[in-house]
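Here is a short briefing on a predicted model. Read it alongside the sequence and the coordinates.

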Amino acid sequence: MTDDLKDGCTFSRGVHPPESKHLTEDRPIEPGPAVGELSILLSQHIGAPCQAAVKKGDLVQAGQKIGECQAFVCAPVHAPVAGKVKELALKPHPVLGRCQGITIEAQEPAPPSLPSFDLPADFDPARCKPDEICQAVREAGLVGMGGAGFPTSVKIQPDAKPPKHTLLVNGCECEPYITCDYRIMLEWTDQILAGVRLAQRACGASKVFIGIEDNKPKAIKAMSAAIARAGSAGDIRVVPLQTKYPQGGERQLINAAIGQTVPTGGIPPMIGVVVINVATAAAIADAVLCNRPLTHRVVTVTGEAIARPGNYYVPIGTPVEALIEFCGGVTEKSAKVVMGGPMMGLAIADLSTPITKTGGAVTVLTRHQIGQAKFERRQTACIRCGRCLEVCPENLNPTRIAHAVKSNLLDVAESHFIGACIECGCCSYVCPANIELTGYIKTGKIFLARQRKKMPA
Amino acid sequence: MLKDITVSFAPHISKPLSTRRVMIDVAVGLLPAMAAAGIYFRIHALLLIGTCVAWCAATEWVCNRIRRKPNSLGDFSAVVTGIILALSLPPGLPLWAAAIGSAVSIIVGKMAFGGLGANVFNPAMVGRAFLTASFGVMMTTWTVPASIDSGMPTLSAADVVDTRTQATPLAWSKTAIKDKDEAKTYSGRLLFSTVTGEVAGSLGETSAIAILLGGVYLLWRKTIGFHIPAAVLGSAFVAAAIAYLINADAYVQPFFHLTSGALLFGAFFIATDPVTAPLTRRGMWLFGIGVGTITMVIRILGEYPEGMMFAVLLMNAVTPLIDRLCKRIPAGGRPHA
């Protein structure tokens with residue numbers, strides 16, 4: 001490891017969960033399973049849900065737009081394969097519970113072929129117009145692929161107020177187990193870089209930083225080499241960051257990489273910063289240079305309960321069930337299926353839940369592992385040890401907020417800034433009394449939203 | 001394929017750490033002090049510690065039965081309370097008094113509030129305060145360490161009245177304050193003894209070395225933060241130094257105050273009780289400074305030679321206020337809305 005990697009930048013507080021990335025980090029991206037039926041959810045992003053643009057029985061082409069909406073903060077959805085629309089129905093959604101989805105019966109189920117990306121020899125982002133880049137990104141239905149799913153076109157809007165000075169590319173992947181971004185950084189390096197330069201051109205940022213945790217030295221090396229090859233090392237720089245959870249949270253990343261703080265309740269654009277994930281950057285290159293909509297993504301299927309863990313390139317809409325089966329099924333001891341990583345991922349009850357644009361991993365945990373986890377154990381009284389305060393990356397008082405929610409004192413929870421919680425799970429992770437602090441805080445937020453009549457009861 | 005899937009909130013993994021582990025750590029941290037007590041006070045130490053631990057545990061069990069609550073002995077907090085109470089008692093205290101103190105600690109100090117985590121006052125200090133108020137003479141009768149009095153090991157706890165007694169270093173300095181002369185010579189001679197522990201005093205408080213050893217262990221295990229001990233000792237040192245600078249003839253030197261009495265033991269093991277101390281770092285500093293300063297005010301100006309117990313109890317009472325005062329502000333500042 002070189003010297004500049006040793007003292008990587010970082011944010012304050014946070015935790016060091018076991019990384020568990022060894023299961024899949026050396027597995028190259030492979031094509032996923034051939035699936036007969038795909039369910040494309042109409043709400044895979046933050047913002048207004050899409051309206052279906054097709055009817056039952058319609059024939060669709062691969063890449064055809066099947067759902068869209070006119071709202072500004074929205075991203076259309078496309079058919080990953082050619083086939084027939086089987087039904088429009090409520091489908092299980094990892095976050096919302098249930099959501100309208102379009103089921104497509106594939107004409108001839110075949111495993112997806114890995115996309116080829118050849119950087120045009122005369123590629124020069126300066127020749128693309130910012131408006132055109134943004135429009136292409138919107139049409140391709142791009143959303144933040146790191147998890148939040150904010151429509152990318154809105155983020156990289158040209159001429160937005162205030163002007164953007166910095167573009168931060170998030171290659172931290174601080175969640176344990178997940179390795180999809182890592183593999184993309186190793187295998188699709190040039191594509192990511194092309195996407196980063198396009199995004200920079202669109203949003204007009206003068207500085208670009210690619211933040212990567214120092215537990216991925218190969219990725220740091222690969223990205224640095226690509227920058228050197230492209231000859232734009234001057235304005236794009238790789239920033240090695242300390243390996244710590246949640247380094248990849250955008251507020252934490254901004255703090256670690258450029259030392260600025262996003263105001264509470266604010267978003268990065270307010271301080272002139274745009275953050276995009278490396279997978280999103282690769283998708284931007286795909287969308288702008290190859291005119292390919294976002295219909296496939298790399299998913300890490302992992303966990304000690306999976307027989308053949310790996311990184312797979314799969315169409316969006318693939319049911320989790322099919323993925324797990326493709327990976328050799330699960331061992332008998334398996335007990336929990338999580339979409340995402342073990343720190344922030346959502347446990348699903350229905351295995352027909354489809355992969356969405358934001359879901360980078362399926363983690364299957366064993367009975368033993370979840371037996372070790374705190375939520376399985378008897379919750380005891382808070383001894384006010386303050387460990388949750390010590391680890392909270394947002395400097396909140398998790399135990400106070402959680403206990404206020406527990407006692408239904410939402411005003412107290414608000415007075416301790418419940419809204420500033422990023423739900424990273426550090427507090428629950430360390431609590432010696434097995435209190436599900438993050439769970440209480442999430443519940444409190446839902447109660448508050450209902451109180452404000454933003455959400456039906 | 002998959003039956004019986006668990007669904008819950010994230011995170012789905014946790015750090016292997018439990019309340020029991022935290023309490024056992026504290027008990028391990030107390031081992032050096034218990035060993036020192038064993039060396040200097042022999043059978044008295046073992047009997048007292050055994051009695052207090054057994055009575056605390058038994059009382060907690062009975063309380064849980066009466067309250068129809070699940071048994072909570074597994075968290076070992078009763079054991080820790082018992083050890084801390086025992087180590088804060090005079091070595092020659094009759095066992096029946098220690099048993100009463102233990103029962104009061106658990107019933108009044110802890111279970112009356114709803115058990116672990118809900119108590120306002122440090123349970124061990126509640127028990128000790130009760131004993132001080134009820135059995136004033138016994139609680140201020142200090143047997144000399146066995147290494148000074150060779151007859152000590154053969155004595156049973158019942159022979160307490162006949163045991164050779166000695167004033168504690170702080171009681172000496174108190175008389176010195178009144179007489180305005182003896183302090184300087186006395187503290188010079190005894191400073192070394194207060195570090196090793198070969199002086200009269202409560203079971204666990206005499207040996208500074210043993211307490212520091214346990215304190216360092218707790219700091220290394222991150223069971224306690226350095227804030228409270230640093231604030232207690234720092235503020236006590238400053239207060240003692242001020243007194244010493246005003247009149248070096250009447251007041252003992254500040255280092256002597258740090259090593260004698262319950263100050264060191266309290267700074268590491270009593271004031272750091274997480275349940276009754278503030279949550280935030282700023283709050284911990286305030287709390288610690290309060291404990292240190294009040295202790296010294298009682299020692300220097302008050303009628304009692306020692307004030308650690310009262311200082312901790314007083315500061316426990318204002319802990320909720322400190323918590324309210326030292327609210328945490330989010331990393332991104334206060335929201336504007």
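Domain bounds here come from an automatic or database domain assignment. On that basis, chain A splits into domain 1 (3-26 + 126-289), domain 2 (32-107 + 295-370) and domain 3 (379-451). The centres of domain 2 and domain 3 of chain A, taken over C-alpha atoms, are 30 Å apart.

This is a predicted model: local features need pLDDT of at least 70, side-chain atom pairs count only at pLDDT 80 or more, and totals for chains, interfaces and linings use all residues. Residues are numbered from 1 along each chain as its sequence is written, while chains are lettered from A and ligands numbered from 1 in the order in which they are written.

**Confidence**
- Chain A has a mean pLDDT (the predictor's confidence in each residue, from 0 to 100) of 86, and 96% of its residues reach 70 or more.
- A contact needs C-beta atoms, placed from the backbone, within 7 Å.
- Where pLDDT is low, the predicted coordinates should not be read in detail.

**Overall fold of chain A**
- Chain A holds 15 helices and 17 strands. These are DSSP runs, numbered from the N terminus: helices are H or I with at least four residues, strands are E with at least two.
- The C-alpha trace of chain A spans about 60 × 50 × 45 Å along its principal axes.
- Of the contacts in chain A with a separation of 6 or more, 74% join residues 24 or more positions apart.

**A three-stranded sheet**
- Strands β3-β5-β6 of chain A, in that order, form an open sheet with antiparallel pairing. Pairing requires at least two DSSP bridges between two strands.
- β3 (51-52) and β6 (77-78) of chain A are the edge strands, each with a single partner, so one side of each lacks a neighbour in the sheet.
- β3(A) pairs with β5 (residues 65-68) of chain A over two bridges. A:Q51 has A:E68 in β5(A) as its bridge partner.

**Interface with chain B**
- In the interface, 55 residues of chain A are in contact with 37 residues of chain B.
- Several elements of chain A each supply at least two residues to this side, including α10 (367-372) and α15 (437-451).
- β15(A) gives the most, with five residues.

Technical notes:
Two residues are in contact if their C-beta atoms, placed from the backbone, lie within 7 Å.
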